[in-house]
Amino acid sequence: RRYFGEKVGLYSAWLGWYTGMLIPAALVGVFVFLYGLFTMDSSQVSREICEANTTIMCPMCEDTCKPWTLSDSCVYAKV
């Protein structure tokens with residue numbers, strides 16, 4: 001405080017407090033991410049999409065796109 005002044009000292013104190021408050025939020029975020037990663041394969045909806053080998057979906061565009069099976073989007077359904 002004496003070397004840089006009160007404004008810089010207060011800013012440094014606030015920045016330290018703010019960084020300390022981000023740690024619990026980061027831990028919650030890591031926990032939620034790991035929970036989603038471990039339970040990704042147990043979702044009933046994504047399991048039904050991955051097993052739908054006979055369901056034909058309409059093309060996404062009119063000219064050059066082909067019909068596609070619903071099971072082609074299995075990776076996207078899991079994520």
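A residue is called buried when its relative accessible area is under 20%, exposed when that area is over 50%, and partly exposed in between, with a 1.4 Å probe and only protein chains considered. By this definition Gly-9, with a relative accessible area of 27%, is partly exposed.

The structure is a predicted model, in which local features need pLDDT of at least 70 and side-chain atom pairs count only at pLDDT 80 or more, while totals for chains, interfaces and linings use all residues. Residues are numbered from 1 along each chain as its sequence is written, and side-chain values use heavy atoms, with hydrogens and water left out.

**Confidence**

The predictor's confidence in each residue is expressed as pLDDT, on a scale from 0 to 100. For the protein chain the mean pLDDT is 87, and 99% of the residues reach 70 or more. Confidence is highest in helix H1 (residues 6–38), at a mean of 92, and lowest in helix H3 (residues 74–78), at 82. Helices (H or I, at least four residues) and strands (E, at least two) are DSSP runs numbered from the N terminus.

**Domains and the annotated segment**

An automatic or database domain assignment supplies the domain bounds. Domain 1 covers residues 1–38 and domain 2 covers residues 43–78; their C-alpha centres lie 43 Å apart. An unreviewed UniProt entry carries the annotation "transmembrane region" for residues 15–38. Such annotations may be inferred rather than shown by experiment; their positions follow the numbering used here, and feature names are shortened. Over residues 15–38 the chain is 100% helix and 0% strand, with 35 Å between the end C-alpha atoms.

**Helix H1**

Gly-9, Tyr-18 and Pro-24 are all placed in helix H1. Tyr-18 counts as partly exposed because its relative accessible area is 39%, and Pro-24 is likewise partly exposed at 44%. Tyr-18 also belongs to a nonpolar surface patch of about 770 Å², made together with Tyr-11, Trp-14, Leu-15, Trp-17, Met-21 and Leu-22. Patches consist of residues with over 30% relative accessible area and no salt bridge, with nonpolar side chains (Val, Leu, Ile, Met, Phe, Trp, Tyr) joined within 5 Å and like charges within 9 Å. A salt bridge is a side-chain nitrogen of Lys or Arg within 4 Å of a carboxyl oxygen of Asp or Glu. Accessible areas come from the Shrake-Rupley method with a 1.4 Å probe, and for residues only the protein chains shown count as cover.

**Loops around strand S1**

Thr-55 is found in the loop between helix H2 (44–50) and strand S1 (56–57), and is partly exposed, with a relative accessible area of 33%. Pro-67 occupies the loop between S1 and strand S2 (68–69); with a relative accessible area of 54%, Pro-67 is exposed.

**Separations between residue pairs**

| Pair | Apart in sequence | C-alpha to C-alpha |
|---|---|---|
| Thr-55 and Ser-71 | 16 residues | 7.9 Å |
| Pro-67 and Ile-56 | 11 residues | 6.6 Å |
| Gly-9 and Ser-43 | 34 residues | 51 Å |
| Pro-24 and Thr-69 | 45 residues | 43 Å |
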